[in-house]
Amino acid sequence: MAGSEGNPVRVMMRYVRWIGFVACSLAGLGYLLAGAFNMAGLMIALAVLSWINIRRKRDDAQDPQAPHR
């Protein structure tokens, strides 16, 4: 989609997705070191979902034939 890079909401959401990924990853490692394995698993699962979302959005932006949601 031409011109989507300048949309401030899309740019902000790109940063929000990365901040969520980093925060969940660090929280998962912190809980793992503290011995709270249930919370560590939850945070690592959220980090994986964030990574999948980042990759999906990146693939959507690179593929001009992809259906827009």
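This is a predicted model: local features need pLDDT of at least 70, side-chain atom pairs count only at pLDDT 80 or more; totals for chains, interfaces and linings use all residues.
1. Residues are numbered from 1 along each chain as its sequence is written, and side-chain values use heavy atoms, with hydrogens and water left out.

2. Helix H1 covers residues 8-34, and its 27 residues should span 39 Å at 1.5 Å a residue, which agrees with the 38 Å between its end C-alpha atoms; the expected span is 1.5 Å times one less than the number of residues. Just after H1, Gly35 takes a positive phi of about 90 degrees.

3. Helix H2 (37-62) is among what covers the buried residues of H1, which are Arg17, Cys24 and Gly28 (buried means under 20% relative accessible area, with a 1.4 Å probe and protein chains only).

4. In H2, which has 26 residues and reaches 37 Å from first to last C-alpha, close to the 38 Å expected, the buried residues are Ala40, Met43, Ala47, Ser50 and Ile54, and these pack against H1.

5. H1 and H2 pack at an angle of about 155 degrees with their axes 8 Å apart, and they are therefore roughly antiparallel to each other (angles over 145 degrees count as such, on a scale from 0 to 180 degrees between N-to-C directions). The residues of the contact of H1 with H2 divide into 15 nonpolar, 5 polar and 3 charged, where contact means heavy atoms within 4.5 Å and Gly counts among the polar residues.

Notes:
Helices (H or I, at least four residues) and strands (E, at least two) are DSSP runs, numbered from the N terminus. Buried means under 20% relative accessible area, exposed over 50%, partly exposed in between (1.4 Å probe, protein chains only). Angles under 35 degrees count as roughly parallel, over 145 as roughly antiparallel, 65 to 115 as roughly perpendicular and the rest as oblique.
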